[in-house]
Amino acid sequence: MGPEQIVAIIIFVAMFVLIVIDKIERQYVTLGCGVLTIIMFFVFSQLGYGAFSETMNVRSIIKDQFWLVTGHASENVTGINWATIIFIAGMMIMVEGMAHSGFFRWLCLRLAKLVHYKPIPLFVAFMIMSSILAMFIDSITVILFLAAVTVELARLLKIDPVPMILSEIFCANLGGSATMCGDPPNIIIGTSMHYSFFDFITNTGLIALISLVLIIFYFFWIFRKKLIEEEHMTIDTSTIPEPKEAIVNKRDFVFSSIIFGLAVVLLITHSMTGLTVATIGIGIAILTLIVAGKNALTILKRVDYKTLLFFIGLFIVVGGLEKTKVLEIMANGIGHISGGNPYIVITIVLWLSAIASAFVDNIPFAATMVPVIIGLSGGHAPTAIQKDYRHVLAWTLSMGTDVGGSATPIGASANVVGTSVAAKHGYLIGWGKYCKSAVPATVIVMLVSMGVIFIRYNKEITEVINSIAK
């Protein structure tokens, strides 16, 4: 192992440790480590300007294929994934516009009224709503608003909001695994490997749907005693605000709802229209700002720029690992441990992703693992069999990182946001209380994922085994 590889690993490990310790804001951590990675290119390695240019990846933005796919696109995971950053920024602007109009609070109050404010139906309905919203909107945003409204309803109904918040957090992460735009790891996987919304919904979406049914029964079972007690309580609904009272501005509410619907349609059909997620993201952002009018500046100020900077620094550090061939060594290591057996490789990728994501941010882990699974499945010019195998590993990585992060309070950003909102209103959720419900739920989904992957993709796995035997 050369000096450049050692330096790249040191920078990467330092970044992970600092993110976990959480004493320095994470965008400063990744940007600082990104600067060190760039210095490494010129000081500790012979890679020089070429590696720096490819890692920054600015030239990709001016290519036609970045905005409109007219033919088959090859995988490119080198450097900063600008499509991911532009798409997330666009969706952030759209969500801020929706929040500004009162959309999320209206939706929660409307759903609560539909189930007549009954604790058990409310518990189940909010789990389902959390999953569905997280399929199209970042899970952080979903939980930010959902947890706040849950606390508000719980106080009015005199029920405990903690079981609802815990189940909503898990279902947001699970729902996010179903689509390309639902969770940041999926956006990274999808844009890096040129998958469509339809690719995710027909693969990870099926696993998420099966898991959601089991998870609803699971959370009801572990909280059944409290829920049944609350169900028999007398509820005074006169103090609960009407859903229409949540709408801040009717015009903005209608337009933000239309823009959200348009975003969903464009994401579902982007493999047919050829519009990339970067084009969709920037188009939706422009529409939102036009509709916002004089409030456009307010919306822009509320966008989470820290997260966007976090992504930029992260991609630079991971690009350093790729350019110094550290990720290639990782892929070879997993291949060596598994003996090339795809069943073992899938098991390692799934459980390694889940366990790692439970303790470290699943976003950098996903960004790190994408080049690894490409290496495991035959590099950048795979055969047809290896390409099918790559797809299987991609869905495996998606489920592992998205749902594995649900196991602990720090595993995913949605977890941190949900527990923080609860604590802000006086409901402390410690590690013990959180993990007691989340860890078994995570294990259930991982077992379901492994079972579905082995059964559904048995043909692809068998073909890989036969090709190795030859």
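Visitor: At what angle do α9 and helix α22 (residues 413-424) pack?
Guide: You're looking at a predicted model, where local features need pLDDT of at least 70, side-chain atom pairs count only at pLDDT 80 or more, and totals for chains, interfaces and linings use all residues. Residues are numbered from 1 along each chain as its sequence is written, and side-chain values use heavy atoms, with hydrogens and water left out. Helices are DSSP runs (H or I, at least four residues) numbered from the N terminus, and their axes are lines fitted to C-alpha atoms over the stretch in contact, with angles from 0 to 180 degrees between N-to-C directions. For α9 and α22, the axes sit 10 Å apart and the angle is about 160°.

Visitor: Are α9 and α22 roughly parallel or antiparallel to each other?
Guide: Angles under 35 degrees count as roughly parallel, over 145 as roughly antiparallel, 65 to 115 as roughly perpendicular, and the rest as oblique. At about 160°, α9 and α22 come out as roughly antiparallel.

Visitor: By class, how many polar residues does the contact of α9 with α22 have?
Guide: Ala, Val, Leu, Ile, Met, Phe, Trp, Tyr, Cys and Pro count as nonpolar, Asp, Glu, Lys and Arg as charged, and the others, Gly among them, as polar. The contact has no charged residues and four nonpolar ones, and the polar residues number four.

Visitor: Is Lys158 buried or exposed?
Guide: Lys158 lies in the loop between α8 (139-157) and α9 (162-176), and its phi is positive, near 60°, though it isn't a glycine. Buried means under 20% relative accessible area, exposed over 50%, and partly exposed in between (1.4 Å probe, protein chains only). With 65%, Lys158 is exposed.

Visitor: What separates the C-alpha atoms of Thr234 and Lys158?
Guide: Thr234 has its place in the loop between α13 (224-231) and α14 (250-273), and counts as exposed at 79% relative accessibility. Along the chain, Thr234 and Lys158 are 76 residues apart, but their C-alpha atoms are separated by 9.6 Å.

Visitor: What is the relative accessible area of Tyr117?
Guide: Tyr117 is another residue other than glycine with a positive phi, near 60°. Tyr117 lies in the loop between α6 (103-114) and α7 (119-134). Tyr117 is buried, and its relative accessible area is 7%.

Visitor: How many nonpolar residues are in the contact of α6 with α7?
Guide: α6 and α7 pack at about 145°, with axes 10 Å apart, and their crossing is right-handed. From α6 come Leu107, Cys108, Leu111 and Ala112, and from α7 come Leu122, Ala125, Phe126, Met129 and Leu133. None is polar or charged, and the nonpolar count is nine.

Visitor: Which residue follows α10?
Guide: Helix α10 (residues 184-193) is mostly covered, with 10 of its 10 residues buried. Among them are Pro184, Asn186 and Thr191. The residue after α10 has a positive phi, near 60°, and is His194.

Visitor: Leaving aside neighbours within four places in sequence, which residues is Thr84 in contact with?
Guide: Thr84 is found in helix α5 and counts as buried at 0% relative accessibility. Its C-alpha is 7.8 Å from that of Val277, which is 193 residues away along the chain. Its contacts are Ile187, Ile188, Thr191, Phe311 and Phe315.

Conventions. Helix = DSSP H or I, 4+ residues; strand = E, 2+ residues; numbered from the N terminus. Left-handed = near helix turned anticlockwise from the far one by under 90°. Contact = heavy atoms within 4.5 Å.
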